[in-house]
Amino acid sequence: MEEFVRERITALRIAKGVSEYQMGYDLGRSRGFINNISSGKSMPSMKEFFAICDYFGITPAEFFDVEHDDPALIGKAVEAVRSLCDDDVVLILSVIKRIKGNE
């Protein structure tokens with residue numbers, strides 16, 4: 001689990017295009033905060049983990065969703081769909097099925 005957390009933080013950080021130093025700074029932590037996590041010297045506390053998720057704009061569940069490279073994008077799509085009426089959601093689902101070739 002520790003290795004997964006380290007690798008996931010690294011992958012999300014790289015996808016966001018920020019350095020370890022910049023991420024640590026943005027989180028209000030020391031220069032080596034993210035480096036220590038990435039190198040296995042330490043693990044984030046729960047409070048720090050939630051701050052890291054907020055930093056990436058994802059939920060803890062999305063953090064552990066390894067099926068998607070950009071969990072924040074999936075989260076934005078879900079939020080957008082939630083704001084639609086039922087008829088529009090049905091329409092969106094039909095488009096998704098058509099794109100995937102399920103119809």
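Me: Which residue just after helix 4 takes a positive phi?

Reply: That residue is G57, with a phi of about 70°. Helices here are DSSP runs of H or I with at least four residues, numbered from the N terminus. Please note that this is a predicted model, in which local features need pLDDT of at least 70 and side-chain atom pairs count only at pLDDT 80 or more, while totals for chains, interfaces and linings use all residues. Residues are numbered from 1 along each chain as its sequence is written, and side-chain values use heavy atoms, with hydrogens and water left out.

Me: Which residues of helix 4 are buried?

Reply: Buried means under 20% relative accessible area, exposed over 50%, and partly exposed in between, with a 1.4 Å probe and protein chains only. In helix 4, residues 46-56, the buried ones are E48, F49, I52, C53, Y55 and F56.

Me: What do the buried residues of helix 4 pack against?

Reply: Contact means heavy atoms within 4.5 Å. The buried residues pack against helix 1 (2-16), helix 2 (20-26), helix 3 (33-38), helix 5 (60-63) and helix 6 (71-82).

Me: How many aromatic pairs does a search of the whole structure find?

Reply: Rings of Phe, Tyr and Trp (its six-membered ring) pair if their centres lie within 6.5 Å; planes under 30 degrees apart count as stacked, over 60 as edge-to-face and the rest as tilted. The search finds eight pairs. In one of them, the rings of F4 and F63 have centres 6.1 Å apart and planes at 90°, so the pair is edge-to-face. This pair links distant parts of the chain, F4 in helix 1 and F63 in helix 5, 59 residues apart. F63 is buried, with a relative accessible area of 0%.

Me: Where does the charged end of K16 sit?

Reply: A charge sits over a ring if NZ of Lys or CZ of Arg is within 6 Å of the ring centre and within 35 degrees of the ring normal. The charged end of K16 sits over the ring of Y55, 4.3 Å from its centre.

Terms used
Helix = DSSP H or I, 4+ residues; strand = E, 2+ residues; numbered from the N terminus.
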